[in-house]
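Have a look at the model first, then read on.

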Amino acid sequence: MTRRLAPLAASLALFAGPTAMGQSERYLRVHDTGSSDLAQLDVQVRTLVPKDGRGPAVHLVGAIHIADASFYNRVQAYLNAQDVVLYEGVGGMRTPNPWPEEGSYAARRRDTIRRLGYIAVLIERVKSETGSYPESMDELGEELGDVARKHFERSVVDAWGEPVTYTLIETDESEMWDVVSLGADRAPGGDGENADLSFREWLNRDLDVPTAEGLQNDMADALGLEFQLEGIEYGDPAWRNSDMGVDEIYEAITGRPHAASGEG
């Protein structure tokens with residue numbers, strides 16, 4: 001299909017699942033946080049690979065309509081790292097943004113942010129599985145399986161061909177990390193093409209998405225959470241809506257064009 005496809009709780013997360021048939025088929029699980037008033041809902045990413053090793057890896061990424069912003073940020077980062085994203089059921093056919101010109105700053109910036117986001121997802125995955133953040137990029141790579149490591153190795157350099165940096169800052173109260181590209185000039189600071197690209201800054205950006213209306217959005221507001229259509233950007237040129245229109249469904253079922261189209 002492609003080269004790579006990919007309030008129940010106050011906090012939600014992605015978790016990697018088994019790929020072999022016959023193993024656990026769960027796509028959702030509830031995680032006990034140890035708190036009497038907080039549970040965590042985990043939503044699975046399942047990776048399917050050809051038995052003979054030839055062909056694409058397909059990532060089935062679960063989602064939920066109402067969640068906290070951190071969940072959607074992780075989903076966005078994971079999906080942005082894929083070559084093509086096929087999605088459905090999010091409010092009709094959407095026209096993706098045009099691809100930026102190859103070699104342009106817009107293209108390099110987009111590709112670099114996608115790579116930073118993928119590394120960020122892996123960092124949080126290691127934290128959820130081991131209980132601590134990796135100390136370095138090398139340690140992060142050692143914790144990954146074959147499929148994730150392959151994509152990780154491609155993501156540790158930015159679109160200018162330079163290694164990105166991973167910084168872990170530990171304080172008495174919390175841990176903070178960031179993944180950064182130094183931009184075209186390969187030096188800290190700068191403007192335009194030379195500006196540093198930080199995953200943390202991307203994470204805190206203002207989303208350019210239309211305001212959604214309806215019951216789900218009202219419920220999200222009432223619970224202090226976010227609605228999926230306001231938490232995720234669907235305009236990336238690699239994101240393709242796979243919904244069938246009414247006419248297409250009618251023709252697929254009946255074998256003839258829908259009368260409303262003027263042909264039946």
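Arg110 has a relative accessibility of 18%, so it counts as buried (buried is under 20% relative accessible area, exposed over 50%, partly exposed in between, with a 1.4 Å probe and protein chains only). This is a predicted model, so to speak: local features need pLDDT of at least 70, side-chain atom pairs count only at pLDDT 80 or more, and totals for chains, interfaces and linings use all residues. Residues are numbered from 1 along each chain as its sequence is written, and side-chain values use heavy atoms, with hydrogens and water left out.

**Salt bridges**

- Searching the whole structure turns up 4 salt bridges (a side-chain nitrogen of Lys or Arg within 4 Å of a carboxyl oxygen of Asp or Glu).
- Arg110 pairs up with Asp111 in one of these, with 2.6 Å between the closest N and O atoms.
- Asp83 and Arg154 make a salt bridge through their side chains, at 3.7 Å from N to O.
- Asp83 sits in the loop between α1 (69-80) and β7 (85-87) and Arg154 in helix α4, so this pair ties together parts 71 residues apart in sequence (helices are DSSP runs of H or I with at least four residues, strands are runs of E with at least two, and both are numbered from the N terminus).
- Asp83 is buried at 12% relative accessibility, while Arg154 is partly exposed at 42%.

**Arg186 and its partner**

- The side chain of Arg186 meets that of Glu162 in a salt bridge, 3.2 Å from N to O.
- With Arg186 in the loop between β9 and β10 and Glu162 in the loop between α4 and β8 (165-170), the pair links parts that are 24 residues apart in sequence.
- Both count as partly exposed: Arg186 has 48% relative accessibility and Glu162 has 27%.
- Arg186 also has a positive phi of about 60°, though it isn't a glycine.
- Most residues other than glycine have a negative phi.

- Glu143 belongs to the loop between α3 (137-142) and α4 (146-155), and is partly exposed at 42% relative accessibility.
- Tyr27 is in the loop between β2 (11-16) and β3 (28-35), and its 36% relative accessibility makes it partly exposed.
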